[in-house]
Amino acid sequence: MQNLIINEIFYSIQGESLNTGIPTVFVRLTGCPLRCGYCDTSYAFNEGLKMTFNDILDKIKIYDCANVTVTGGEPLSQKKCFSFLDTLNEFSYKVSLETSNAVSIENINKNIAIILDIKTPGSGESSKNIIENYQYLKKSDQIKFVICNLADYEWTRKYIAQYNLHKICNILLSPSFGEMDIKVLAENILKDKLPVRLQTQLHKIIWGDERGR
Ligand code: SF4
C-alpha cells in the first residue's frame, strides 16, 4: 500500500499563482531539504502523519472540489509524491504542484501544472536551483520568484534574460512578506517592462498567518 507523510489537508482560497482566488484543496506534505530565510511553513519540516493514498483521497473528497494543490515543505522530497500526482490525475482532479526547484521535475505527470519556485539569493538557498529543470517546463506551467530586496529583483531580471524564462511559461514575482515593498517592486517591473506578472499572497491579506489557510 502506498503512503505519504502528510502535514495537513485543508480547503481554502488559492492565494498565489494564476489560479489566485479559486477554491482549492491543499495537500501539504512533510519535509523540505531547504531552509529559506522567509519560510512561513517551517511547521511542515518534521510534523506529519503517515497516510495511505486512499486515506488522502477520502479526505480530499469530503470537500467536493475539483482543484487540488500539492505543496509543502518540498513535496517532491518524498519520492512517492510522483505516483500520488499520477493518482490524482487518474481521479480527474485539476492538480497543481508547488515545488522549490531543488528536486528534478523531469518525471512529473504532464497533466500536472507545475509552479516552480526559483530561489533568489535573498532566500539563502539559490545554490540549490536545478538549471536542468527549465527544459522540462510546459507552456501551462508557472515560474515564481520571491523577491526579498532590490538586489534580488536585479538578480531575477538578469536571470530571466539569461535563461529566456519568459519564452517558456508565465513568470510570477512575489514580494517577500514584510521584507519587500510591493509598490517598489511594481514600479521596478514597470520601469524595466519586465515580462512578468506581479502577485501578492491573497490568503495572507484575508487570514494573516492563520494556519491551514
Ligand atoms: S522551500 Fe518552501 S518550505 Fe522549504 S524552506 Fe523554502 S519556503 Fe520553506
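In the predicted model, strand 4 and strand 5 pair in the parallel sense, with four bridges between them. Within this pairing, Thr69 has Ser96 of strand 5 as its bridge partner. Strand 5 is mostly covered, five of its six residues being buried.

The largest nonpolar core comprises 39 residues. Those with the most contacts inside this core are Val27, Val70, Leu85, Val95, Leu97 and Ile147. In soluble globular proteins, nonpolar side chains tend to be buried together. When neighbours within four places in sequence are left aside, Leu97 is in contact with Val70, Pro75, Leu85, Ile108, Ile112, Ile114 and Ile115. Two of the residues in contact with Leu97, namely Val70 and Leu85, are themselves listed with Leu97 among the core residues with the most contacts.

The ligand is surrounded by Cys32, Leu34, Arg35, Cys36, Cys39, Thr41, Gly72, Gly73, Glu74 and Ser100. By residue class, this shell divides into four nonpolar, four polar and two charged residues. Two members of the shell, Gly72 and Gly73, are joined by a cis peptide bond, for which omega is about 10°. Gly73 is located in the loop between strand 4 and helix 2.

Pro121 is situated in the loop between strand 6 and strand 7. Because 15 other C-beta atoms lie within 10 Å, Pro121 is classed as partly exposed. Residues up to four places away in sequence not being counted, Pro121 touches Ser126, Ala151, Asp152 and Trp155. Pro121 and Cys148 are separated by 27 residues in sequence, and their C-alpha atoms are 8.6 Å apart in space.

Positive phi values in residues other than glycine were found in two further loops. Asn164, in the loop between helix 3 and strand 8, has phi near 50°. With 9 C-beta neighbours inside 10 Å, Asn164 counts as exposed. Lys193 has a positive phi of about 50° and is likewise not a glycine. Lys193 is placed in the loop between helix 4 (182–192) and strand 9. Lys193 is also exposed, since 7 other C-beta atoms lie within 10 Å, and 12 or fewer such neighbours define an exposed residue.

Notes: Residues are numbered from 1 along each chain as its sequence is written. This is a predicted model: local features need pLDDT of at least 70, side-chain atom pairs count only at pLDDT 80 or more; totals for chains, interfaces and linings use all residues. A residue is near a molecule or strand if its C-beta atom, placed from the backbone, lies within 6 Å of it. Ala, Val, Leu, Ile, Met, Phe, Trp, Tyr, Cys and Pro count as nonpolar, Asp, Glu, Lys and Arg as charged, and the others, Gly among them, as polar. A nonpolar core is a set of buried Ala, Val, Leu, Ile, Met, Phe, Trp, Tyr and Cys residues joined through C-beta atoms within 7 Å. A residue is buried if 20 or more other C-beta atoms lie within 10 Å of its own, exposed if 12 or fewer, and partly exposed in between; C-beta atoms are placed from the backbone. Two residues are in contact if their C-beta atoms, placed from the backbone, lie within 7 Å. Helices (H or I, at least four residues) and strands (E, at least two) are DSSP runs, numbered from the N terminus. Two strands pair if DSSP finds at least two bridges between them.
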